[in-house]
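Me: Hi! I've just opened this one and I'm new to it. Could you walk me through it?

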Amino acid sequence: MAFSGRILVKSLNLGDLLSGKVSTNICKRMFRRHINHKSNRGHDFGFLFDIDGVIKRGKRILPSAREAFQLLTDESGKFRLPVVFVTNAGNTFRQTKADELSELLGIKISTEQLVMSHSPLKMFKRFHNMHTLICGQGPIEGIARDLGFTNITTVDQLRELFPYLDMVDHSHRKVEPCPVKFANFKPIEAVVLFGEPNQWDSKLQLIVDVLVCNGMPSHLPKEFPSTHLPIVACNMDLFWMAEVPIPRFGHGMFLTFLETAYQQYTGRELKYSALLGKPSLFTYHYADNVLWKHAKQLGFRSLKSIYCVGDNPNTDIYGANVYDRYLKKRKAHKVQKKMKRKMAAGGGGADFEFEDDDEELVSEEGGQGNYSTSCSSILVCTGIFSNSHTASHRNHRDFVLDPELVKPKHTTENVFDAVRLTLEKEKFL
């Protein structure tokens, strides 16, 4: 006698499913069939997923990743719950990353579901018309223009204009600079670092040259500027996981070299105007708003709970926990503000104006945007963190690591278990 997956789920208790009495493949099929009958009505939660170390390693998809997203989509591949992918990668277009994920997972991922490390730069409008030096790999010129930048120069282009600056690699040396371009060159006004570049030696030299020469590296000033040009860095990951079992250097390591080089050169500390990408609070609020847009498209009336799934305690987990702390502090301040206003109104006094210690984060449209009420971190053991190797608790210089903030709310073996755990917790079963 044949039984549907829905009836079979009802006939077994949760303990059977989780204890191993039912095979993993049967368990996954039962969850999938049962969830396909669920409506998102009345639910107010969504997911933020890291990519490298959670869904894939290098070009290879990780086991259970496809099954995890089958729990989140219906039989036609449409999402039943809001999902956004937040990656510290920054050397590719969102469309390229969306196409890659779509092929790996076998479902349609839209560009609106992607938050790259550089995505929040859309809101840095004061930089958009500055003459900006950009650094990274891939189509960074096109990425910068898509983000709103109108006057850009890459480090490679700068090297062509000032060929005598790059002396480390002899093959880069040229006889004479281009006189026309050099004559028309306007000083650099800002620096944006999109991600780890190639040829670190050359990039380090030229970026420091621009900073110490106040944007015009044709001559050395008598004194170093007391305040260097504004500099924004995207992606602070010290390490990331590819196909090999040993962590690879990330952009955060390049930033460490840059900071050291600048301090050794000038005796002063390099200071950033902004750091974007995980674990930046700004990036998590930006992702909160992107997730809310997806939730509204799915018919959600509110978005209160976010579940962040990642493999790196120092970025994914730290960032999610910092944002959760911020959300709770903000909620407490709002309650306090409301109570004080009521007390003032009841006593016949003037209306009380509450002043928050934290700045209100803004959305891309310029308003406050969406603020969820909680952000729960889930650590998976398929990337930087594993059961056999614990990543060292180190982060970028400007992020002081509180040991409590690198502790996840939950730890699961893989992304499938992370999704299943969340669905059980939210009673979406």
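This is a predicted model: local features need pLDDT of at least 70, side-chain atom pairs count only at pLDDT 80 or more; totals for chains, interfaces and linings use all residues.

Me: How many helices and strands are in the protein chain?

Reply: The protein chain has 13 helices and 15 strands.

Me: And what percentage of the residues is buried?

Reply: Of the 429 residues in the protein chain, 53% are buried. The chain exposes about 20,600 Å², and 52% of that comes from carbon and sulfur atoms.

Me: What about contacts along the chain?

Reply: Taking contacts with a separation of 6 or more, 75% are between residues 24 or more positions apart.

Me: Okay, on to the sheet. What is the order of its strands?

Reply: It is an open sheet of 6 strands, in the order β5-β4-β1-β13-β14-β15, and the pairing is parallel.

Me: Which strands stand at the edges?

Reply: Those are β5 (114-115) and β15 (410-412). Each has a single partner strand, so one side of each is left without a neighbour in the sheet.

Me: How many bridges join β4 to β5?

Reply: There are 2 bridges between β5 and β4, which covers residues 83-86. Phenylalanine 85 is opposite leucine 114 of β5.

Me: Let's move to β13. How many of its residues are buried?

Reply: 6 of the 6 are buried, so β13 is largely enclosed by the rest of the structure.

Me: Which residues are on each side of it?

Reply: Ser305, Tyr307 and Val309 are on one side, with Ile306, Cys308 and Gly310 on the other, and both faces are covered. In a regular strand, side chains alternate between the two faces of the sheet.

Me: How does β13 pair with β1 and β14?

Reply: With β1 the pairing is parallel over 5 bridges, and leucine 48 has cysteine 308 in β13 as its bridge partner. With β14 the pairing is also parallel, over 6 bridges, and there glycine 310 is opposite leucine 379.

Me: Now the helices. Which strands does α11 lie across?

Reply: Helix α11, residues 281-297, lies across β1 (45-49), β4, β5 and β13 (305-310). It runs at about 150° to β4.

Me: And where does α13 lie?

Reply: Helix α13, residues 415-425, lies across β1, β13, β14 (374-380) and β15. Relative to β1, the angle of α13 is about 165°.

Terms used
Residues are numbered from 1 along each chain as its sequence is written. Side-chain values use heavy atoms; hydrogens and water are left out. Two strands pair if DSSP finds at least two bridges between them. Helices (H or I, at least four residues) and strands (E, at least two) are DSSP runs, numbered from the N terminus. Contact means heavy atoms within 4.5 Å. Axes are lines fitted to C-alpha atoms, for helices over the stretch in contact, and angles run from 0 to 180 degrees between N-to-C directions. Buried means under 20% relative accessible area, exposed over 50%, partly exposed in between (1.4 Å probe, protein chains only). Accessible areas come from the Shrake-Rupley method with a 1.4 Å probe; for residues, only the protein chains shown count as cover.
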